[in-house]
Every structure is written in C-alpha cells, then in structure tokens.
Amino acid sequence: MTVKKNTGLIRIENVSHTFHTDTGVLPVLNDLTLSVPKNGFTAIVGPSGCGKSTVTRLVAGLLKPDKGTVWLQGQKVNTPRDIVGMAFQNPVLLEWRTILQNVMLPLEIVPNAMSSAEREARAQDLLKLVGLSGFEQKRPSELSGGMRQRASLCRALVHRPEVLILDEPFGALDAFTREDLWQTMHRLREEEPFTGVLITHDLRESIFLADEVVVLSGRPATVQYCQKLKQRGPKSLDQLYTPEAIQTLNILREQIKIARKDEEDKL
Ligand SMILES: Nc1ncnc2c1ncn2[C@@H]1O[C@H](COP(=O)(O)OP(=O)(O)OP(=O)(O)O)[C@@H](O)[C@H]1O
Ligand SMILES: [Mg+2]
C-alpha cells in the first residue's frame, strides 16, 4: 500500500454556537479555540452533553458556527468536504451491500479517477490491514460488533481523507475488543498518516491513541485543559500502567471532575 503524504490541518478559532429549540436557547460552545497539527491526533474529552459531537459536526462542515471560524488546510469550512472521513459509535453499514461494497462506497461518491479494479484493491488492502481478509463477501449482520467497527474504519479511510473524525467509535465495544481496535488504529495511522480528532469518554483510550488530550469544560464548552503527551500514544497496553501514564490519567480525571462540577454549578 502506498503511504500518503498528508497536509491536513484543523483549526477551530473562537467558535461559539447556540442551538435554538422549541423550549428555548441552548448555548453549547463558547469561544472555543483549538488546532490539530498536520498528522496530529487530538482526543477531546468532556462531560456528557457538553458539545463534543457538535465540534465534530462543525469540523465536518455539517453545521455552521454562529461565531468564529473552522479551517481545514487553511480553507474556511462552509460545507462538507471530501477530505474528511468520519466514524461513529454505531457503524451504520448497509445490510444490502457486502463488507467489501460497504467499504468501497465512498469511492463511488467522492470523485476520483480509480477504476473499479483499483477501488476493489484499495478496499481489500484496508480490510487486510484491519484483519478482515476473508470477510469481504459477508453481510454486516454476519460480523461481530468489533468487526463491523473495523469495516467502518476502513470505509472512513478508503478515500484517503486528510482528516479522520472519530466520535466515540469504540464506545459500544467490550473492553478487550476495544483494546484490539486501539492497536488497529496505531497500525492504520502508521500506514497512512492522517490528522485525527477522537471524541471519547475513555481516558485510557485518549492517552493510548492521541498526541494531545483536550478537556472541554461544562456547557457552554470551551477548552478547559490541554495535555500534550510526550510522544505519540503508547503502542503497547503495558505502557498504560507506567507511573507516568497513571499520573496523566489522574490529572485528566481531576479535570473531568472540575468540568462536571462547573456544569452542575451552571445549572
Ligand atoms: N441539532 C440540535 N438541536 C438542538 N440541540 C442540540 C442539537 N444537537 C445537539 N444539541 C444539544 O446540544 C448539547 C450538546 O450536544 P452534543 O451532542 O454536542 O454533546 P456531546 O458532548 O457529544 O454529548 P455525549 O457525550 O453525550 O455524546 C446537548 O444538550 C444536545 O442536546
Ligand atoms: Mg456526542
């Protein structure tokens, strides 16, 4: 598989956003500023409902902020861009397509010059990389939850997006499957560098995968705390139990407590 040179870069600049509903206004983000460097991987954690998924929708161009700007590769984000790949907690694979056809779907939608044989080879390469060789012709319902999520990651990456947005992609999986997928994420990133944003509630996951962890405050969310990790996330699970990792987890846990308290105080 060819390794792609990547130029992705995300910048969220002084973004505020309020939802207007039948029951009133809900300020969700308040003057939020953060950037992810090219080929960086930032995890965003914060209290439930603080606005994390809203941030991903802004970066993906699915939502326009009331105030402030979102930039991708130096260009203002106004509409969805094909340089973004996304994966969510629920893989939403199409049951009437095989796993291979599901993974190939973005190549049918995003304009590209690939022949159908090239598309298939690309999808097969990715499936191999995540350990799904031999399952190409299965339907989604014939796969386990972890396997479906692996296929969903392949689908998010098949068109070689500059930016990968993951919104709690491993949240519904059991602990062992989740840890397997963490290793898969490292492999994917090594093979084809991308600029990533990971939303998670799992602090161990955040330090295992990311280069930087951003803690959002209670709603309306802003950046409360940033923890740069010394190196790219650890590669082996043992490294999550070093004194340094435990200290980082304790700091993050403390920050989440502050964010939740902050939210309670605002209610
Ligand atoms: N389209 C919308 N219209 C109105 N309110 C919305 C909309 N989308 C989200 N909200 C509200 O905005 C707040 C933030 O939602 P968001 O989904 O961004 O939170 P989150 O941090 O991802 O939460 P969780 O951790 O539970 O996934 C929530 O109170 C939610 O109900
Ligand atoms: Mg969410």
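Here are some friendly notes on the structure above, point by point.

1. First, the ground rules. This is a predicted model, in which local features need pLDDT of at least 70, side-chain atom pairs count only at pLDDT 80 or more, and totals for chains, interfaces and linings use all residues. Residues are numbered from 1 along each chain as its sequence is written, while chains are lettered from A and ligands numbered from 1 in the order in which they are written.

2. Start with the open sheet, where four antiparallel strands follow the order β2-β1-β4-β5. Because β2 (24–36) and β5 (75–76) are at the edges with a single partner strand each, one side of each has no neighbour in the sheet. Strands here are DSSP E runs of at least two residues, helices are H or I runs of at least four, and both are numbered from the N terminus. Two strands pair if DSSP finds at least two bridges between them; β1 (residues 10–21) and β2 share nine. Val15 has Leu32 of β2 as its bridge partner.

3. Now look at ligand 1. Its shell (C-beta atoms, placed from the backbone, within 6 Å of it) includes Phe19, Leu26, Gly49, Lys52 and Thr54. Helix α1 gives the most, three residues, and β1, β2 and α1 each supply at least two.

4. Next, strand β9 (residues 212–216). Five of its five residues are buried, so β9 is largely enclosed by the rest of the structure. Buried means 20 or more other C-beta atoms within 10 Å of the residue's own, exposed means 12 or fewer, and partly exposed lies in between, with C-beta atoms placed from the backbone. Glu212, Val214 and Leu216 cover one side, Val213 and Val215 the other. Four bridges tie β9 to β3 (residues 41–45) in parallel, and five tie β9 to β10 (residues 223–228) in antiparallel fashion. Val215 is opposite Val45 and also opposite Tyr225 in β10.
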